[in-house]
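These are my notebook entries on a single structure. I recorded what I looked up, in the order in which I looked.

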Amino acid sequence: MNLPNVIGIKNIGSLLTISANDNCVKTLQDMNNLSIINDAIMLFDVSIQWIGTSAEFENVSSQFSVTEWIDAKGKVVMPGFVDSHTHTVFAGNRSNEFAQRLQGVSYQQIAASGGGILTTVNGVRTASQEQIVTNAYSLLQSAISFGTTTMEIKSGYGLSFDAEMKLLYSIREVASISPMNIVSTFMGAHDFPEEYKHNHSGYVSLVCEEMIPAVSEQHLATFCDVFTDKGYYTLEETETILSKGLEYGLLPKMHADELATVHATELACEIGAFSADHLLHVSQKGVEALSQSKRTVATLLPGTAYTLRLPYAPARTLIDNGAMVALATDCNPGSCFTENMQTILSFACMNMKMSIEESIVASTLHGAKALGLERSKGSLEIGKDADFLVLQTTNYADIVYHFGTNLVEQTWIGGKKHFQKQLQ
Ligand code: NIG
Ligand code: FE
């Protein structure tokens, strides 16, 4: 009889499985339950083959051929982070704008004077694909070292046919060289480029008639995202773009109510977007719509509120009303320059009153749900991908409590170890 060849991890002090109900989502009642197995063993190849306690393993050990044992020495094992909202393909550095904001200049004032997103657009248009890929690759390596195993990446700093394609090709190229699981999103509607400043409908037509068909034909993205906000895209423009995207097989996502209450969240729920993101200025109706929705995840990006010194999204109200809340970095050169999900968990607990457990569920399983990957990612269950972390602690609370350090000792993606911390 041929036994399956597997790797085993033993002496896991606490295995945070995060396993959930049939909908693969933690409901209000169980978001504080990490479904922990103590004194656990986990067997895996590219996917997870067996999970249980050491005592239970004695009964099944003869069914597996374990080729290698790893000793977790009582430490915590948990699913890798799913960072479901980033803008990791870009060029240039906006630390000068950051410094201006520290002096009191607002994000909108910088944008109105031609800076902000358009600064990075200029950088991308003049950069080569190779430069963009090199920049993104180093951010991905860093993110892996901080425990991210799946990352969504948006285009959106090109804002012309050629430059948007260059960004999407960069995402495809970086996905082929990095072990990170990457999900690509087309976000041609991130801003209006200078040349269409007085012709918004012309740019919406370019996005709908030229960019979306090309993105779809070349299979360059899974999702289509729009920045629906005051000074950016209107509800009508958003609907036009996302409907066209759907026609071409691109699934909807939205940057919703970040800078002002424009009722973008209600639209996201109405059209069945996979997520409504930011929500710093979500209305009461928007909260209700998210609470009713079985599809639209409320993706909160507290690093952006921190960086822009804006009020945080109402995480407590959303969770207490039953919305599915996810956490992500929003990694981008303007409003939040971090690729470290552990920092985001700290912001979520300290500034949005989330519990440590809620922050862990939101950054794993619910991130996967926001990407439609909840059947294969975000929790540790038999058959799911072997994307997991060994933490450098026996107490999972340390991931938030011991802030400003890297608590990840090992990062495994698809059953292979891609990061090992050098311990002193
Ligand atoms: O998600 N909100 C829109 N886009 C980014 C910011 C982009 C930038 O400032 O470069 C965000 O915060
Ligand atoms: Fe964003």
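Entry one: cysteines. I began with C336, whose sulfur lies 7.3 Å from the closest cysteine sulfur, that of C331, which is too far for a bond. I noted that the model is a predicted one. For reference, I wrote down that a disulfide is a covalent bond between the sulfur atoms of two cysteines. The cut-off I applied is 2.5 Å between the two sulfur atoms. I then checked C349, which takes part in no disulfide; its nearest cysteine sulfur, in C336, is 16 Å away. For the whole structure I recorded zero disulfides.

Entry two: burial of these cysteines. Is C336 buried or exposed? I found a relative accessibility of 2%, so C336 counts as buried. C349 has 13% relative accessibility and therefore also counts as buried, because the limit for a buried residue is under 20%.

Where does ligand 1 sit? I located ligand 1 in the largest cavity. I counted 16 residues around ligand 1, and the closest are Y107, Y157, H190, E258 and S335. By class, this shell holds four nonpolar, nine polar and three charged residues.

I found a polar side-chain atom of Y157 at 2.6 Å from an oxygen atom of ligand 1. For H190, a polar side-chain atom lies 2.7 Å from a nitrogen atom of ligand 1. In the side chain of H278, an N or O atom is 2.9 Å from an oxygen atom of ligand 1. Finally, I noted that ligand 1 exposes 320 Å² when taken alone, and that the protein buries 100% of that area.

Definitions and conventions. Residues numbered from 1 in each chain as written. Chains lettered and ligands numbered in written order. Predicted model: local features only at pLDDT ≥ 70, side-chain atom pairs only at ≥ 80, totals over all residues. Heavy atoms only, no water. Buried < 20%, exposed > 50% of the residue type's maximum accessible area, 1.4 Å probe, protein only. Near = heavy atom within 4 Å. Polar contact = N/O pair within 3.5 Å; in protein donor to acceptor, adjacent residues only side chain to side chain. Areas by Shrake-Rupley, 256 points an atom, 1.4 Å probe, with all protein chains shown as cover. 1 Å grid on protein atoms, 1.4 Å probe; cavity = no way out; pocket = protein on both sides within 12 Å on 5 of 7 lines; lining within 4 Å. Sits in = over half its atoms within 2 Å of the grid points. Nonpolar A, V, L, I, M, F, W, Y, C, P; charged D, E, K, R; others polar.
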